[in-house]
Amino acid sequence: MDDVLISGGRIVTAVDDYVADILISNGKIETIGRVIEAPSAQRYDATGLLVMPGGVDVHTHMEFPLGEAQTCDTFESGTRSAAFGGTTTIIDFALQKQGESAKLTLEQRLAVAEPQASVDYGFHIILTDVRPEVLTELPDLIDIEGVSSFKMFMAYPGVLMMNDADIFKTMRVVGHHGGMVNVHAENGGVIQVLIEEALAQGNTSPKYHALTRPAIMEAEASHRAIRLAELAEVPVYLVHLSAKEALESVVEARDRGLPAFAETCPHYLFLNSDEYERPGFEAAKYVMTPPLRDHQCQHALWRGLKFDDLQIVSTDHCPFCFNENLYGLNRSKQLGRDNFEKIPNGAPGVELRLPLIFDGGVKGGKISLNRFVQLTSTAPAKMFGLFPRKGAIAIGSDADLVLFDPDKPHTISVSSHHSNVDYSLYEGRCVIGKVEKVFLRGELIVDGDHWLGRKGGGTYQKRSASGVF
Ligand code: URP
Ligand code: ZN
Ligand code: ZN
């Protein structure tokens with residue numbers, strides 16, 4: 001592979017901001033210098049552009065089974081979409097079936113991703129069945145297979161939900177072996193009561209998804225997850241945190257010095273529960289879990305990102321088409337046309353994380369440019385055992401780089417995104433800032449609107465300890 005020289009760009013990391021050249025050799029950053037002479041290298045002029053470490057999105061669901069539904073992005077389409085959005089590493093999920101060994105869960109998921117992924121990838125394992133033989137597998141998964149984070153659900157009874165005793169037992173093992181637990185924190189039992197009451201009263205439309213998942217039931221479960229983790233002595237990471245009341249539990253725990261962490265997602269920052277008032281079935285596009293919240297929550301989340309009460313922005317990219325004609329009924333929201341409980345939960349967004357957070361956060365004056373890189377690249381890499389290979393612009397790091405035009409306007413539309421999904425949550429929204437070029441381990445994979453990446457060009461990333469931050 002030829003050496004690559006990226007010259008004259010403004011290098012922005014979580015801590016730095018300076019103009020310099022970057023020389024890449026064998027996919028890694030070889031040298032950084034004011035002016036580098038490398039006549040034989042392939043040269044790219046980055047004058048006027050930001051050069052940032054490739055985005056790391058630690059929460060995606062490519063071709064993911066959820067009840068009777070399945071997400072509509074494959075690893076091929078979903079990772080291409082990620083790349084166009086400046087994300088060069090994803091951490092997706094391998095879902096353990098009842099009765100299955102967790103090692104087999106991982107092997108099967110790797111076999112699906114490996115021939116398709118065009119950005120680098122790792123996996124969290126979602127545990128649903130933690131009988132003793134499964135718990136004994138976890139140390140090797142952490143130490144040998146590079147899976148240092150395990151997700152557990154406090155929601156979706158009968159599908160994914162685990163009871164507190166099983167969650168606690170798992171937490172103890174994971175904590176003892178240098179792993180971290182990711183928790184979907186909502187009180188699934190109480191939510192089920194509310195869902196059944198709503199349906200019994202004939203309230204079947206999408207807005208009842210939100211009305212049956214109150215913020216305080218996210219707060220209750222968040223508090224419980226943190227307390228269980230405290231007793232089990234394990235770092236805990238709350239996924240897709242949406243409610244101010246849940247954030248308060250994280251702040252309280254962190255003030256006590258506990259390793260409690262949380263992410264939020266762009267949809268909770270940019271959209272609110274007014275979307276559920278859309279006419280007809282349109283509101284189904286916004287059915288994700290937890291649901292969109294109110295303005296006060298949005299304000300609290302932005303504040304949390306600024307002051308490190310929240311450490312990461314991930315997408316929870318979990319796309320289902322609105323219409324069934326493209327990829328079939330089970331990849332579409334239409335499954336729940338007559339009953340909100342059956343609407344597949346999840347929303348797309350893997351391509352929009354950097355542009356949205358740059359525009360709303362940095363241009364909007366809510367976070368600094370360095371904090372932007374921290375939230376979207378460096379912190380996720382550190383939190384999940386990928387740093388300094390990922391999330392950094394440093395000598396020896398993988399040359400995963402995004403060249404970003406900070407002044408270029410871009411209108412978000414389904415007609416220009418690269419996901420299989422047939423709608424955008426943000427249709428017609430104009431953002432300032434555009435991904436211009438993306439390098440994965442020194443290889444140019446996105447050049448403006450051109451796709452140069454390779455199906456199967458992404459590699460599996462074994463991760464070291466998670467939650468050491
Ligand atoms: O609505 C969501 N978030 N769907 C994906 C599954 C999950 O809970 O992360
Ligand atoms: Zn979840
Ligand atoms: Zn998710």
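Colleague: Which residues lie nearest the centre of the largest cavity?

Modeller: This is a predicted model, where local features need pLDDT of at least 70, side-chain atom pairs count only at pLDDT 80 or more, and totals for linings use all residues. Residues are numbered from 1 along each chain as its sequence is written. A cavity is a set of points on a 1 Å grid over the protein atoms alone where a 1.4 Å probe fits but cannot get out, and lining residues have an atom within 4 Å of a point. The largest cavity has 14 lining residues, and those nearest its centre are His-61, Tyr-156, Asp-316, Cys-318 and Asn-345.

Colleague: How much space lies in the largest cavity?

Modeller: The whole structure has 4 cavities of 30 Å³ or more. A volume is the space filled by probe spheres set on the points, which are joined across faces, edges and corners. For the largest cavity this is about 110 Å³.

Colleague: Is Lys-151 buried or exposed?

Modeller: UniProt, in an unreviewed entry, places "modified residue: N6-carboxylysine" at Lys-151; such annotations may be inferred rather than shown by experiment. Buried means under 20% relative accessible area and exposed over 50%, partly exposed in between, with a 1.4 Å probe and protein chains only. Because its relative accessibility is 1%, Lys-151 counts as buried.

Colleague: Which histidines does Lys-151 touch?

Modeller: Lys-151 lies in strand β11, residues 149-153, a strand being a DSSP run (E, at least two residues) numbered from the N terminus. Contact means heavy atoms within 4.5 Å. Not counting residues up to four places away in sequence, the residues touched include His-59, His-184 and His-240.

Definitions and conventions. Chains are lettered from A and ligands numbered from 1 in the order in which they are written. Side-chain values use heavy atoms; hydrogens and water are left out. Helices (H or I, at least four residues) and strands (E, at least two) are DSSP runs, numbered from the N terminus. On a 1 Å grid over the protein atoms alone, a cavity is a set of points where a 1.4 Å probe fits but cannot get out, and a pocket is an open set with protein on both sides within 12 Å along at least five of seven lines; lining residues have an atom within 4 Å of a point.
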